[in-house]
There are 2 protein chains.
Amino acid sequence: MEFSSKLLERAVNEMSQLPGIGKRTALRLVLHMLRQPKEQTIGLAEALKTMRNDIKFCKSCNNISDVALCEICSNPGRNEAMICVVEDVRDVMAIENTSSYKGLYHVLGGKISPMDGIGPHDLNIESLVNKVKEGKAKELIFALSSTMEGDTTNFYIYKQIQDYDVFTSTIARGISVGDELEYADEITLGRSIVNRIPFESSLKL
Amino acid sequence: MEFSSKLLERAVNEMSQLPGIGKRTALRLVLHMLRQPKEQTIGLAEALKTMRNDIKFCKSCNNISDVALCEICSNPGRNEAMICVVEDVRDVMAIENTSSYKGLYHVLGGKISPMDGIGPHDLNIESLVNKVKEGKAKELIFALSSTMEGDTTNFYIYKQIQDYDVFTSTIARGISVGDELEYADEITLGRSIVNRIPFESSLKL
């Protein structure tokens, strides 16, 4: 791509570093910015810069936060003994949206994936294991993606803590609400039969 | 969407102002930035800010440029009497990539589109008409999209300049190189037969 301006070229190159944004999309976005009022682009640039410079990760759960200890960890109404283990911040937001969980979280920052060069030491596993060793956590709920990497990560953490007094659970796998049975994959369907629940308790949800 | 950080929320909101980027994509991009080295996000923010503040539009053709008169307009090897009329900067880049045009350009900045509230006075039409009136341009090549808006814009400009001594042409519409005839739409196919060219001249391309 030949650019008529170095400034344009640099902006396009920087934008196209983002995942899923190629050179053409980057050019489209940058040209859009040039058509909008100047304040809008300056606002975006400032927001990104301030965020990257000032954002903090909660010292306890590693969730993104504006203060040292995040709102969830510092909320006295939360059950401190229950820790939900998730991959990233988006999962915390998704579970918080359901309003059905009142424990704390622990954000790993990814999952073990040798293919992508991510090992256990690249994740926040040690601090989680320490919480268990110190006896702070009584239940760990594994809420990772149901993929090989997610299962590997669950199992790795499980091996580290199995000798301690902690109950471990994993979120239920089954047929999504609203899904038709005939389109479900066989592993999910099989698990949902093996892990069936009393009909009366399903009525309470 | 509930955010655990105001800084994160602001960055996501600003990102999601861009066309084709919703809140979820914006969040994915912003979280990616947080995983990358700090310099990368600062670099992006600086590039966008500098671009928006310092970029210029060529005073003659309205192309994006780092200087007052763009490289194409200031190139003495270019044919000044021939002006290719295009919608935006991307079209200039596309035509320049073909290396088959040695005239100048005129970037309109869009096309007449009453549905989007864009009238002739929102585009750089007046300066183009002035170039014709001053006798600088001997040929105008209309290279706008082959849509109703493009055709309307072509016709609007044509009406303004038809009494002056200028030749107007439009880029050829026809079957794309590599396309199969049976899949071509009938208007394109019809035009390509009406505007057929001598076989010998097709061999020279």
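# Close-up views of a predicted two-chain model

**View 1. The loop at A:S99.** A:S99 sits in the loop that links α4 and β4 of chain A. This is a predicted model, and in it the phi angle of A:S99 comes out near 55°, a positive value in a residue that isn't glycine. Is A:S99 buried or exposed? Its relative accessible area is 53%, and exposed means over 50%, so A:S99 counts as exposed.

**View 2. The loop at B:S99.** Now for chain B, where B:S99 is found in the loop between α4 (89-98) and β4. Phi of B:S99 is near 55°, again positive in a residue other than glycine. With a relative accessible area of 54%, B:S99 is exposed.

**View 3. From β3 to β4 in chain A.** Strand β3 (residues 79-86) of chain A pairs with β4(A) through five bridges, in the parallel sense. Look for A:I83, which stands opposite A:L104 in β4(A). To get from β3(A) to β4(A), the chain passes through helix α4 (residues 89-98) of chain A, making a right-handed β-α-β crossover. That helix, α4(A), lies across β3 and β4 of chain A and runs at about 160° to β4(A). And why is β4 (residues 103-107) of chain A described as largely enclosed by the rest of the structure? Because five of its five residues are buried.

**View 4. The open sheet of chain A.** What is the strand order in this four-strand open sheet of chain A? Reading across, the order is β4-β3-β5-β6, with parallel pairing. At the edges are β4 and β6 (167-170) of chain A, each of which pairs on one side only. From one strand to the next, the twist averages 25°. Inside the sheet, β3(A) is joined to strand β5 (residues 139-142) of chain A by four bridges, and the two run parallel. One pair to pick out is A:M82 with its bridge partner A:E139 in β5(A). Helix α5 (residues 126-133) of chain A packs on this sheet and touches β3, β4 and β5 of chain A. The direction of α5 in chain A makes about 145° with that of β4(A).

**View 5. The open sheet of chain B.** Over in chain B, four strands form an open sheet in the order β4-β3-β5-β6, with parallel pairing. The edge positions go to β4 (103-107) and β6 (167-170) of chain B; each has a single partner strand, so one side of each is left without a neighbour in the sheet. Neighbouring strands here are turned by 25° against each other on average, ignoring direction. Strand β3 (residues 79-86) of chain B runs parallel to β4(B), and five bridges join the two. Within that pair, B:V86 stands opposite B:V107 in β4(B).

**View 6. Helices packed on the chain B sheet.** Which strands does α5 (residues 125-133) of chain B touch? This helix packs on the sheet against β3, β4 and β5 (139-142) of chain B, and its direction makes about 145° with that of β4(B). Helix α6 (residues 148-161) of chain B lies across β3, β5 and β6 of chain B. The angle between α6 of chain B and β5(B) is about 165°.

**View 7. B:R28 and its contacts in chain A.** B:R28 belongs to helix α2 (residues 23-35) of chain B. This arginine is partly exposed, with a relative accessible area of 33%. What does B:R28 contact, once neighbours within four places in sequence are set aside? The partners are A:P19 and A:R90. B:P114 is 86 residues away from B:R28 along the chain, and their C-alpha atoms are separated by 36 Å.

**View 8. Domains and annotated regions of chain A.** An unreviewed UniProt entry lists "zinc finger region: C4-type" at residues 58-73 of chain A. Residues 58-73 of chain A are 0% helix and 12% strand, with the end C-alpha atoms 8 Å apart. UniProt (unreviewed entry) also lists "domain: Toprim" for residues 81-176 of chain A. Over residues 81-176 of chain A, the chain is 33% helix and 20% strand, and the end C-alpha atoms are 29 Å apart.

Conventions
Residues numbered from 1 in each chain as written. Chains lettered and ligands numbered in written order. Predicted model: local features only at pLDDT ≥ 70, side-chain atom pairs only at ≥ 80, totals over all residues. Heavy atoms only, no water. Pairing = 2+ DSSP bridges. Axes fitted to C-alpha atoms, helices over the stretch in contact; angles between N-to-C directions. Contact = heavy atoms within 4.5 Å. Buried < 20%, exposed > 50% of the residue type's maximum accessible area, 1.4 Å probe, protein only. Right-handed = clockwise from strand over helix to strand, strands pointing away. UniProt positions renumbered as here; feature names shortened; annotations may be inferred.
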